[in-house]
Amino acid sequence: MKFKAYTLRNLREIPYINRLSEEEIFQIEVTSQVFPFKTNNYVVEKLIDWENAPDDPLFILNFPQKDMLRPEHYNLVASAYREGNPERLRDIVKEIRYTLNPHPAGQLELNLPTFRGKKLKGIQHKYRETVLFFAKRAQTCHAYCTFCFRWPQFIGDTELKIGSNDISELIDYLGEHPEVTDLLFTGGDPMTMKASLFAEYIDAIISADLHNIRNIRIGSRVLTYWPYRFITDDDADILLETFERIVNSGMHLAFMAHFNHPRELETEEVEQAIKRIRETGAEIRTQSPILRNINDDPDIWAEMWERQVQLGCIPYYMFMVRDTGAQQYFGVPIVEAYNIFRDAFRQVSGLARTVRGPVMSTTPGKIHILGVSYVRGEPVINLTMLQGRDPDWVMRPFYAEYDEDAYWLDELVPAFGKESFFFEDSFGELEYSLFGDLN
Ligand SMILES: *Cc1c(COP(=O)(O)O)cnc(C)c1O
Ligand code: SF4
């Protein structure tokens, strides 16, 4: 298959789009003024069940929905769009985007390391062992998830973009930080890079012979959006050979694949792509947020994890959706997410129970929701940290008051009448919402 992107510009050329009503198409046009819209021919022809559109989960994954905007915002955009006044439309859209928390938890400031007197763009170092690299040529994806928290990177607002070209700076940084064992390529999607460019980065890292770097990770959704990347794309073989060079250099290659729904694992193409990746010696670990309207059902998760294990992938994380963009559309409350996780976890064998969740990537750390306990008859939410901005915070149990309506850490109240959570004492003024990584 040859890659064909569909965006707002050629929305009406999408095969099957006429299964939608004129009103439904109009709603996509309006909502995608705010949220970036991009899909492709593989998603349209092989993943979406058009019989069920617009309710099909795979449809909702790529096509912005009216309810992702608050009604007053939707009406504002719709009227400016109808009017055909591009300036007014632009101003309204800009204003709305800024109300949607485009940089949750200091994504731009807090996690950029300072090195030799300057802030490194395109590198984030939050947790001791792992450095994230945002390659400049990877600030896009083969399709855009409507729930994506990286959405400011796609809207062409350069102020909001992060990204780096400079591999030598990265290598110097890694060399001076012996505590770092993992280098994670992220984006956008690093698998949108040409294989030759990716190979340049990798060969520079291999020849730098950094003894501390033992694991290369690639955070990617390409297995869902474009499995041909490993099968028929012109440079598929070069890419796979590069994977092999990583493995042969003695490093572990972890392909962190992002799947939201079992249907993404059903095509022949994805099966072949997984097989080819695994043949290089790489391991595939999987992660996904829990999403209302897409996968808020334990059976979906159980099926997805079982299928992943069967294909040789290792279930890794279930995330909570971040407090940005369309969180009110996709968000699932903490207690409900825990119940879904537990009901799914109970159904699968130990091989799939490598998964951890639900996990909130917040400013202080990755918070693991362990469940609801009763202490002297009172329910409390039981939490711990899998990663902490301060490594000393990891795996300390802590408790929040039971609250079925809380979606995120900032809505939780410490249990037992305590004034603050233990990590807040040292955390001072910082507002904690989120930051972390999905891809
Ligand atoms: C999740 C995350 C990592 C990786 O954490 P692991 O638990 O090692 O998978 C690294 N950096 C950031 C910022 C993250 O959010
Ligand atoms: S969630 Fe990942 S794959 Fe989806 S649009 Fe965002 S960065 Fe791209």
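## Charge and overall form

The chain carries 47 positive and 66 negative side chains. The centres of the two sets lie 3 Å apart. The model is predicted.

The chain has 439 residues and a radius of gyration of 22 Å. A compact globule of that length would come near 22 Å, so the chain agrees with the globule rule. Along the principal axes, the C-alpha atoms fill a box of roughly 55 × 55 × 50 Å.

## Fold content and packing

The secondary structure comprises 14 helices and 15 strands. Of the 439 residues, 60% count as buried. The accessible surface comes to about 18300 Å². Carbon and sulfur atoms account for 45% of that surface.

Take the contacts between residues at least 6 apart: 74% of them join residues at least 24 apart.

## Helix α11

Helix α11 spans residues 298-310, which makes 13 residues. From its first C-alpha to its last, α11 reaches 18 Å. That is close to the 18 Å expected at 1.5 Å a residue.

Which residues of α11 are buried? They are Pro298, Ile300, Trp301, Ala302, Met304, Trp305, Arg307 and Gln308. An α-helix has 3.6 residues a turn, so residues three or four places apart point the same way.

## Cis peptide bonds

The bond from Gly187 to Gly188 is cis, with omega near 15 degrees. Gly188 sits in the loop between β7 (182-186) and α7 (195-208).

The bond from Gly357 to Pro358 is also cis, and its omega is near -15 degrees. Where does Pro358 lie? Pro358 belongs to strand β12, residues 356-361.

## Positive phi values

Asn293 has phi near 75 degrees, a positive value in a residue other than glycine. Asn293 lies in the loop between β10 and α11. Its relative accessible area is 34%, so Asn293 counts as partly exposed.

Phe416 has a positive phi too, near 60 degrees, and is likewise a residue other than glycine. Phe416 is placed in the loop between β15 (398-401) and α14 (424-427).

## Glu169 in helix α6

Glu169 is part of helix α6, residues 167-175. Is Glu169 buried or exposed? Its relative accessibility is 16%. Buried means under 20%, so Glu169 counts as buried.

Neighbours within four places in sequence are set aside here. Glu169 is then in contact with Phe115, Lys118 and Leu120.

## Tyr402 and the β15–α14 loop

Tyr402 lies in the loop between β15 and α14, and Phe416 has its place in the loop between β15 and α14 as well. Tyr402 has a relative accessible area of 31%, so it counts as partly exposed.

Which residues does Tyr402 touch, not counting residues up to four places away in sequence? They are Val335, Val372, Pro379, Val380 and Ile381. Tyr402 and Ala415 are 13 residues apart in sequence. In space, the C-alpha atoms of Tyr402 and Ala415 are 8.0 Å apart.

Technical notes. Residues numbered from 1 in each chain as written. Chains lettered and ligands numbered in written order. Predicted model: local features only at pLDDT ≥ 70, side-chain atom pairs only at ≥ 80, totals over all residues. Heavy atoms only, no water. Helix = DSSP H or I, 4+ residues; strand = E, 2+ residues; numbered from the N terminus. Rg over C-alpha atoms; globule rule 2.2 N^0.38 Å. Buried < 20%, exposed > 50% of the residue type's maximum accessible area, 1.4 Å probe, protein only. Contact = heavy atoms within 4.5 Å. Areas by Shrake-Rupley, 256 points an atom, 1.4 Å probe, with all protein chains shown as cover. Lys, Arg positive; Asp, Glu negative; His and termini not counted. Charge placed at Lys NZ, Arg CZ, Asp CG, Glu CD. Expected span 1.5 Å × (residues − 1).
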